[in-house]
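Subject: Structure handover

Hello,

Here is the structure for you to look at. My notes follow below it.

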Amino acid sequence: MKVIHKSYKFKIAPDNEQKELIARHFGACRFVFNRYLISRKETYLKEKKSLNYYDNANDLTVLKKDEQFVWLKEINSQSLQSSLRNLDTSYNKFFRKQTKFPRFKSKFDRQSFTVPQSVCIEDGKLQIPKFKKGIEINLHREIDGKLLFATLSKSTAGKYYVSITCEVEHIPFEKTNSKIGIDTGIKDLAVLSDGKVYENIKTLKTNLKKLKYEQRQLSKKTKGSNSRLKQKSKLATVHEKVTNIRKDYLHKVSTEIIKNHDVICIEDLAVKNMMKNHKLAQAFSDVSLGAFYTMLEYKANWNNKTVVKIDRFFPSSKTCSNCNYIIQDLTLKDREWTCQSCNTVHNRDFNASINIEKQGLKILSGLGTNSDIKQKRSKALPLGESLTSEATPISFAVGG
Ligand SMILES: [Zn+2]
């Protein structure tokens, strides 16, 4: 038995009064985030001093006593603190060179606030502090375990959601002794080195076409016009639908792969992206590919399985998996190629997945072909963790 954090996302239907209070929570959390982002920047410029979470939290307590900011008292104070923690995390990630400098939060982005404590479901309704009545929730699946915290959000399409994170006792999948390499791409979601192919699903393709169409319609509308606004919200709705269909499918596939295999070798996404172009569908597939890899990693972690990432540039498509000959003139269009050295006919993605598996297993056994520090360090990691230095064990994420 293993204790894991699992998140469940549900649609909620707040009444008008609740919508108003939710909006005030969004606004206040955004205000706190932006105010202390400025304060951190200015303090650093003026005094060369870095403020941390506690400095900000203490200042916030004082600020709330100021009559000008008395409205902050209507907001769950823990949600405000959680906004400060987010700021702190963004700063730390920036200093660890994992992300860009924190950006100001805008009211035009997806809105959210976190309720770190005292969340429960009672009489089929979501109960959170500061809200007198429970919020209508569409519990389309059962929640197991102890409720830890919740994040309420409003999508750009104007829909309200809650993501509830729980502590769950999880029975890890059985060991299978199977090792696999995965090549991911545009045509298929994933090609496995044992020959299994996960295609991109049809409903997704139809909706992606729709997405492109709505996108084109938007570009025809005059800027600032009402019809443009309408079209924007239409586009957001289709986008949300595509995202949801895709996410469900990614969950299904990633769970199946983790169930069937003990060692899963994948390519580092940053490297993969370097080789791609940037059309709409493409950008979309990049984003969901990131989500797919994240799912594989945390599900591996839940189930004591291993994900190995090939960090360094490695010509997985261009190397013959039979004799290691490297073909020079392979373009993205070539789905099949014949090795000039051993005459093996290769399916591009399948060949790549075999190479990824081979390379991953080399890294795993400590025989990596280069002296990359990341890969050296990875040897010390126990099973079930991702084998790159950037990857921190991911203990929770949406769905199962
Ligand atoms: Zn060959």
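A nonpolar core here is a set of buried Ala, Val, Leu, Ile, Met, Phe, Trp, Tyr and Cys residues joined through side-chain atoms within 4.5 Å. Please keep in mind that this is a predicted model.

**Core**

The largest nonpolar core has 63 residues. Within this core, Leu-126 and Leu-152 touch the most other members. Helix H1 (residues 16–47) supplies the largest share of the core, 9 residues.

What does Leu-126 touch, leaving aside residues up to four places away in sequence? Its partners are Ile-12, Val-119, Cys-120, Ile-121, Gly-134, Ile-135, Ile-137, Leu-152, Val-162 and Ile-164.

**Overall picture**

The protein has 400 residues, and 44% of them count as buried. It contains 9 helices and 14 strands. Take the contacts between residues at least 6 apart in sequence: 70% of them join residues at least 24 apart. The accessible surface is about 22,300 Å². Carbon and sulfur atoms account for 52% of that surface.

**Strand E8**

Is strand E8 (residues 179–184) largely enclosed or largely open? It is largely enclosed by the rest of the structure, because 5 of its 6 residues are buried. The cut-off for buried is under 20% relative accessible area.

E8 pairs with two strands named here. With strand E11 (residues 263–267) it runs parallel, joined by 3 bridges. Gly-181 has Cys-265 as its bridge partner in E11. With strand E9 (residues 188–192) the pairing is antiparallel, again over 3 bridges. There, Asp-183 stands opposite Val-191 of E9.

The loop between strand E7 (160–170) and E8 holds Asn-177. Check its backbone: Asn-177 is not a glycine, yet its phi is positive, about 65°. Asn-177 counts as exposed, at 68% relative accessibility.

**Zinc site**

Which residues provide the protein donors of the zinc ion? They are Cys-320, Cys-323, Cys-339 and Cys-342, each through SG. The donors lie 2.3 Å from the ion. The 4 donor atoms subtend angles of 105 to 114° around the zinc ion, so the arrangement is tetrahedral. For comparison, the ideal angle for four tetrahedral donors is 109.5 degrees.

In sequence, the donor residues follow the spacing C-x2-C-x15-C-x2-C. Cys-323 and Cys-339 link distant parts of the chain, 16 residues apart. Cys-323 sits in the loop between strand E12 (306–310) and strand E13 (336–338). Cys-339 sits in the loop between E13 and strand E14 (345–347).

Their burial is worth a look. Cys-339 is buried, with a relative accessible area of 0%. Cys-323 is partly exposed, at 30%.

The loop between E13 and E14 also holds Asn-343. Asn-343 has a positive phi, near 65°, and is a residue other than glycine. With 59% relative accessibility, Asn-343 counts as exposed.

Best wishes

Methods
Residues numbered from 1 in each chain as written. Predicted model: local features only at pLDDT ≥ 70, side-chain atom pairs only at ≥ 80, totals over all residues. Heavy atoms only, no water. Buried < 20%, exposed > 50% of the residue type's maximum accessible area, 1.4 Å probe, protein only. Helix = DSSP H or I, 4+ residues; strand = E, 2+ residues; numbered from the N terminus. Contact = heavy atoms within 4.5 Å. Pairing = 2+ DSSP bridges. Areas by Shrake-Rupley, 256 points an atom, 1.4 Å probe, with all protein chains shown as cover. Donors = N, O, S within 2.8 Å, 3.2 Å for Na, K, Ca; no water. Tetrahedral: all angles 85-135°; square planar, octahedral: opposite > 155°, others 65-115°.
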